[in-house]
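The following questions and answers concern one structure, shown here. Please keep it in view while reading.

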Amino acid sequence: MQVIAFKIIANRGSQRLTESLVLPGLKVALLEESLRRSRQTDNKEVGNWFLEEVRGNPQ
């Protein structure tokens, strides 16, 4: 899985992002890992894992 995020830069095109501008600190790589896990694991387990990662308490 790959998440592609970018922002539009006036008169200069676009720039690829590795972190959310809306939710500061949320890495695009964490979203990609969540999607990968969701293909192999129960969504509840993935949701719990994601919340722990966001809170800074990796299991």
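Q: In this predicted model, which residue with a positive phi follows α2?
A: Helix α2 covers residues 43–55. The residue that follows α2 has a positive phi, near 90°, and is Gly 56.

Q: What distance does α2 reach from its first C-alpha to its last?
A: Helix α2 has 13 residues. At 1.5 Å a residue, the span expected of α2 is 18 Å. The reach in the model is close to that expectation, at 18 Å.

Q: Which side-chain oxygen reaches the backbone nitrogen of Lys 44 at the start of α2?
A: The backbone nitrogen of Lys 44 has a side-chain oxygen within 2.6 Å. That oxygen belongs to Asp 42.

Q: Against which helix do the buried residues of α2 pack?
A: Val 46, Trp 49 and Glu 52 are buried in α2. They lie on the same side of α2, because they cover an arc of only 125° around the axis. In an α-helix, residues three or four places apart point the same way, because there are 3.6 residues a turn. On the other side of α2, Asn 43, Lys 44, Val 54 and Arg 55 are exposed, whereas the buried residues pack against α1.

Q: Is Ser 34 buried or exposed?
A: Ser 34 is found in helix α1, residues 28–38. Leaving aside neighbours within four places in sequence, Ser 34 is in contact with Val 46, Trp 49 and Phe 50. Buried means under 20% relative accessible area. Ser 34 has 12% relative accessibility and therefore counts as buried.

How values were computed. Residues are numbered from 1 along each chain as its sequence is written. This is a predicted model: local features need pLDDT of at least 70, side-chain atom pairs count only at pLDDT 80 or more; totals for chains, interfaces and linings use all residues. Side-chain values use heavy atoms; hydrogens and water are left out. Helices (H or I, at least four residues) and strands (E, at least two) are DSSP runs, numbered from the N terminus. Buried means under 20% relative accessible area, exposed over 50%, partly exposed in between (1.4 Å probe, protein chains only). Contact means heavy atoms within 4.5 Å. The expected span of a helix is 1.5 Å times one less than its number of residues. The arc is that of the directions from the helix axis to the C-beta atoms. A polar contact is a pair of N or O atoms within 3.5 Å; within protein, one must be able to donate a hydrogen and the other to accept it, and residues adjacent in sequence count only if both atoms are side-chain atoms.
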